[in-house]
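Have a look at the chain below.

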Amino acid sequence: MSELLVRLLNAKIDIGPGLYWREIVGNAFGLASALLGMRRRVAAWPIGIIGNVVLFTVFLGSTLGGAFEEAERLSLWGQAGRQVFFAIVSVYGWVRWYQFRRSGVAGSAGVIPRWAGLKGRLQLLVAAVVLWVAFYFALQYLGSYGPASDAWILTGSVLATYAMARGWVEFWLIWIAVDAVGVPLLFVAGYYPSAVMYVVYGAFCVVGLVSWWRLERRGRTPDRIGVDEPVIETVG
């Protein structure tokens, strides 16, 4: 059984240095999560968590050794760490969207898109500075490749996931900023499927931004429930 597991973990497509199937599969789950997120479906969260678990094993590269040995890769601790933060914040988003969907305010949708406003943007800005500094020194200590870029990808990913859970349209803009840094970093580090997927994400984020922006404008009426804050009912 353990031998079969090792073979599955090390399965590759023989293109160039080899493309690990788990990296392709993990990114496929990530893309599916993004598509569902644009449609405001609660399923986006659990599907995204599955992708996080798979990609966590990918981005530690050679640091895990054994069945996870990927010596030709550079270790990106920030990329690995963001999968953990993704999963944690995704649980929050999952519960929040599920509760909102049960309220019936927006039919089967898990959230009503809205802009974060001045207060929300200040929260994101302050959090961005604090998290980037903390992650930078932590990643530098761990020996992550490109700690400054890796720290921003980790920071932006956490903030974008949180903003998505809140239904803030700005989360698409944060993802675009993450992709702009992530694409060159991943190509240099040898994570080609993820780098290509980041390019796809970037284009997709533009579409998602336009989609949520239109939904926000459509729902901007004085008597619309949830304009300032979605109604959340307590479970249990």
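In which hand of crossing does H5 pass H6, left-handed or right-handed? H5 passes H6 in a right-handed crossing; a crossing is right-handed if the near helix is turned clockwise from the far one by less than a right angle, and left-handed if anticlockwise.

Before going further, some ground rules. This is a predicted model, in which local features need pLDDT of at least 70 and side-chain atom pairs count only at pLDDT 80 or more, while totals for chains, interfaces and linings use all residues. Residues are numbered from 1 along each chain as its sequence is written, and side-chain values use heavy atoms, with hydrogens and water left out.

**The chain as a whole**

The secondary structure comes to 8 helices and 2 strands, where helices (H or I, at least four residues) and strands (E, at least two) are DSSP runs numbered from the N terminus. The order from the N terminus is α-β-β-α-α-α-α-α-α-α. Of the 236 residues, 46% count as buried (under 20% relative accessible area; exposed is over 50% and partly exposed in between, with a 1.4 Å probe and protein chains only). The chain exposes about 11,500 Å², and carbon and sulfur atoms supply 69% of that; the area comes from the Shrake-Rupley method with a 1.4 Å probe. Among contacts between residues at least 6 apart in sequence, 71% join residues at least 24 apart, with contact meaning heavy atoms within 4.5 Å.

Axes are lines fitted to C-alpha atoms, for helices over the stretch in contact, and angles run from 0 to 180 degrees between N-to-C directions.

| Pair | Angle | Axis separation |
|---|---|---|
| H2 (residues 21–38) and H3 (residues 44–59) | about 155° | 8 Å |
| H5 (residues 117–142) and H6 | roughly 140° | within 8 Å |
| H6 (residues 147–166) and H7 (residues 170–189) | roughly 155° | within 9 Å |

The angle between H5 and H6 makes H5 oblique to H6. For the cut-offs, under 35 degrees counts as roughly parallel, over 145 as roughly antiparallel, 65 to 115 as roughly perpendicular and the rest as oblique. On the H5 side the contact includes Leu-124, Leu-131, Trp-132 and Phe-135, and on the H6 side Pro-147, Trp-152, Leu-154 and Tyr-162 are among the partners. By class, this contact has 16 nonpolar, 3 polar and 1 charged residues. Here Ala, Val, Leu, Ile, Met, Phe, Trp, Tyr, Cys and Pro count as nonpolar, Asp, Glu, Lys and Arg as charged, and the others, Gly among them, as polar.

H6 also packs on H7, and these two are roughly antiparallel to each other. H6 passes H7 in a left-handed crossing. The H6 residues involved include Ile-153, Gly-156, Ala-160 and Thr-161, which meet a set in H7 including Phe-171, Trp-175, Val-178 and Leu-185. The class count for H6 with H7 is 13 nonpolar, 5 polar and 1 charged.

H2 and H3 are roughly antiparallel to each other too, and H2 passes H3 in a left-handed crossing. Among the residues making that contact are Glu-23, Gly-26 and Phe-29 of H2, along with Ile-47, Gly-48 and Gly-51 of H3. Its classes come to 9 nonpolar, 7 polar and 2 charged residues.

**Residues worth a click**

Thr-161 lies in helix H6 and is buried, with a relative accessible area of 4%. Leaving aside neighbours within four places in sequence, Thr-161 is in contact with Trp-45, Phe-86, Val-89, Ser-90 and Trp-175.

Gly-51 sits in H3, buried at a relative accessible area of 1%. With neighbours within four places in sequence set aside, Gly-51 is in contact with Gly-26, Phe-29 and Gln-83. The C-alpha atoms of Gly-51 and Glu-23, 28 residues apart along the chain, are separated by 9.1 Å.

Arg-40 belongs to the loop between H2 and H3, and counts as buried at 16% relative accessibility. Phi of Arg-40 is near 60°, a positive value in a residue other than glycine. Most residues other than glycine have a negative phi.

Finally, Tyr-192 is in helix H8 (residues 192–218) and counts as partly exposed at 33% relative accessibility. The C-alpha atoms of Tyr-192 and Ile-24 are 9.6 Å apart, although 168 residues separate the two along the chain.
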